[in-house]
Amino acid sequence: MNVGFVALADAGWSTTPNLAAILQGDHDPKVRGFTIPNTELTLDGAVDPYFKGVIDIVFKLDEKGETGVEFEEAYVLTTSLPANLQLKAGQFYVEFGRQNPQHPHSWAFVDQPVVLSRMFGPDGLRSQGLRLSWLVPTPWYTETMVSVVNSTNGTAFSFRSDASSEIHTGVPVDREVLELSDMLIAPRIATSFDVTGNQTLLLGASAAFGPNNSGPSARTRIVGIDGYWKWKSATAQQGFPFVSLQGEALVRRYEAAQRTAAADSFVTLAAEMLDDQGSYAQLLWGIKPRIVAGLRADLANGDATTFSSDFRGDRLRVSPNLTWYPSEFSKVRFQYNYDDRGALGKDHSLWVQFEFLLGAHASHKF
Amino acid sequence: MTNRFAVRAATIALVALPVLGASIAAKLRVVATTPDLASLAREIGGDAVDVLALAKPTEDPHFVDAKPSHIVTLNRADVLIEGGAELELGWLPPLLESSRNSKIAAGAPGRIVASLGVHMLETPATFDRSKGDVHSLGNPHFMIDPVNVKIIAADIAGHFAQVQPASAALFRANLEKFNTKLDVKFAEWQKQLAPFRGARIVTYHKDFVYLAERFQLEVVETLEPKPGIAPSPSHLARVIEAMKAKSARVILVQPYQNRKTAETVARQTGAVVVDISQQPGARPDTKTYFDMMDYMVTSLAAALGTLK
């Protein structure tokens, strides 16, 4: 069994003292000064000849310095199903797009993309359930999968999560699971080509469908596309130099039912369709061994509604950064964020992130 | 007439295609993580195998990208040959997880771990990363010792025979042929390097210890202060001092290592930088394991010879 422990610490300053307004990710910097937003204990290995098991537990300090423990992932993965099938069962990050299933230590930036915070909440889209995947027998890589998971709890943000009143500003309604469509269903297809011997392209399309809690029969639909391209020198030294480009674009159609306003129980909000969209693109340049320069642009906005919500407003963020990896087991990252929230103002933030890894040698998916 | 021809052609096709298909399908699909292991697989498997290597000849075997195309290659493999000893630890596990191929699962006859039969050097007594990215199972760059290669070739032949018993005799015969050739070449390489017994060399990474041990060379220093740790100016100053003190004037560099660092050190010590590779295909006309070793031994002997 592999046992690994990875710790992330952030230090920095922002022109706004209200960091929650600009950094909504649970593993993003939380305060001016120092934050330890994510330390992760990972256990993984073969359960028996038929299953692989993964357990991931997060320990973190919140903005008040209180310790939090999060049962992030715990699942088994089949190793020998016939017909190129593979089943995942347990609690896991739903394989929607590129970054959602990744843990913070694999991210190329200090914070999570704005659009992912808006669509999937602070913790990303993860829940309890099953995921069935099929490696399609095409000459090139094509994988298609579908996840069926619970649509409730805080990590099913655009669905039956209590926190989703941030989206519709109404009082959430309790809904029962009566049929399969009350579950969160997320299909995905991904395909990849080696464009040349040194260049690889990976493209994907994902969707997530499920009930939301703005009303007794309201539903949410999220659709996204993602792409990743990487060039690596044929004589790369420890994987450098390389250039990679990653982007995701998501649209959400949130059916908001007629509901009582959370802020004032005498106010009733009209039923309407809330359409949101957002995207990000990030360019990484591995200049020389263990030095990576990055540039990310984030865009997000929501269509006008009869109520006002800061959370759905226009947002532009530009983040250049520089990461130095002293070895494969540690990293130091410097990042500047220019944040434009339209009428809410512009902010500047500067962050330093440090990471260390103990135990099992990390291996990375493409 | 045309009709009769068409019927005949169709009949031939119907009869011939499955036969042709069977003979193609009967070939073992072998995937090796690195080109040196792939070359061995070709020597042992002959016409009964189709061999693919995941890493490119010029690629650092520690840092291969876990590209999705490798998932497809592994999904369709009958046999996987890996170096082992944590050489591929950073990229092979996620590929295997996604490939969902029980034929090459750990412990299956279709899974060959080359390091298992080899006498490993530099196995650390304690595991401590302050000493760099040391592999807990020992130094994984063992393919440049022909004695190890003989052990690995026998292991490959054994596994091939288990997976495809019908070709067992062919694999045995190819192994014998390979061993005979290896004995001849090994004697040649020993003869070529015999005049340089005890010669002092410098390498970039700790990747020539097996060659040094087998051919009695002395690795004075490595340009990396510790495995996987980038050379620092203070460390290079120490290397230069040691090279001068011990008259070490040959620096071995592989394609994926920093030649400029080696050149800087060479300029200050009067040493020569020798471009070699442990992977067939990385240097000109080195298609097979034998070509690669020929190139390595000849280049090394030439460099050491000019210094005499």
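Biologist: Before anything else, what should I know about how the values were made?

Modeller: This is a predicted model, in which local features need pLDDT of at least 70 and side-chain atom pairs count only at pLDDT 80 or more, while totals for chains, interfaces and linings use all residues. Residues are numbered from 1 along each chain as its sequence is written, chains are lettered from A and ligands numbered from 1 in the order in which they are written, and side-chain values use heavy atoms, with hydrogens and water left out.

Biologist: Okay, how many helices and strands does chain B have?

Modeller: Chain B has 10 helices and 8 strands, where helices (H or I, at least four residues) and strands (E, at least two) are DSSP runs numbered from the N terminus. The C-alpha atoms of chain B fill a box of roughly 85 × 40 × 35 Å along the principal axes.

Biologist: And what share of chain B counts as buried?

Modeller: Of its 308 residues, 54% count as buried; buried means under 20% relative accessible area, exposed means over 50%, and partly exposed lies in between, with a 1.4 Å probe and protein chains only. The accessible surface of chain B is about 13,500 Å², and 58% of that belongs to carbon and sulfur atoms. Those areas come from the Shrake-Rupley method with a 1.4 Å probe, and for residues only the protein chains shown count as cover.

Biologist: What about contacts along chain B?

Modeller: A contact means heavy atoms within 4.5 Å. Among the contacts in chain B between residues at least 6 apart in sequence, 63% join residues at least 24 apart.

Biologist: Let's go to the helices, then: how do helix 6 and helix 10 of chain B lie to each other?

Modeller: The axes of helix 6 (residues 168-193) and helix 10 (residues 289-306) of chain B come within 10 Å and cross at roughly 5 degrees. Axes here are lines fitted to C-alpha atoms, for helices over the stretch in contact, and angles run from 0 to 180 degrees between N-to-C directions. Helix 6 and helix 10 of chain B are therefore roughly parallel to each other, since angles under 35 degrees count as roughly parallel, over 145 as roughly antiparallel, 65 to 115 as roughly perpendicular and the rest as oblique.

Biologist: Which residues of helix 6 and helix 10 make that contact?

Modeller: On the side of helix 6 of chain B they include B:F178, B:L182 and B:W189, and on the side of helix 10 of chain B they include B:F290, B:M293 and B:V297.

Biologist: Is helix 2 of chain B mostly covered or mostly open?

Modeller: Helix 2 (residues 35-45) of chain B is mostly covered, with 9 of its 11 residues buried, among them B:L37, B:L40 and B:I44. The buried residues of helix 2 pack against strand 1 (28-32), strand 2 (49-53), strand 3 (79-82), helix 5, helix 6 and helix 10 of chain B. After helix 2 of chain B comes B:G46, whose phi is positive, near 55 degrees.

Biologist: And how many residues of helix 3 are buried?

Modeller: In helix 3 of chain B, 7 of the 8 residues are buried, so this helix is largely enclosed by the rest of the structure. One of the residues in helix 3 (residues 68-75) of chain B is B:H70, which counts as buried at 8% relative accessibility. Leaving aside neighbours within four places in sequence, B:H70 is in contact with B:L54, B:V64, B:D65 and B:L95.
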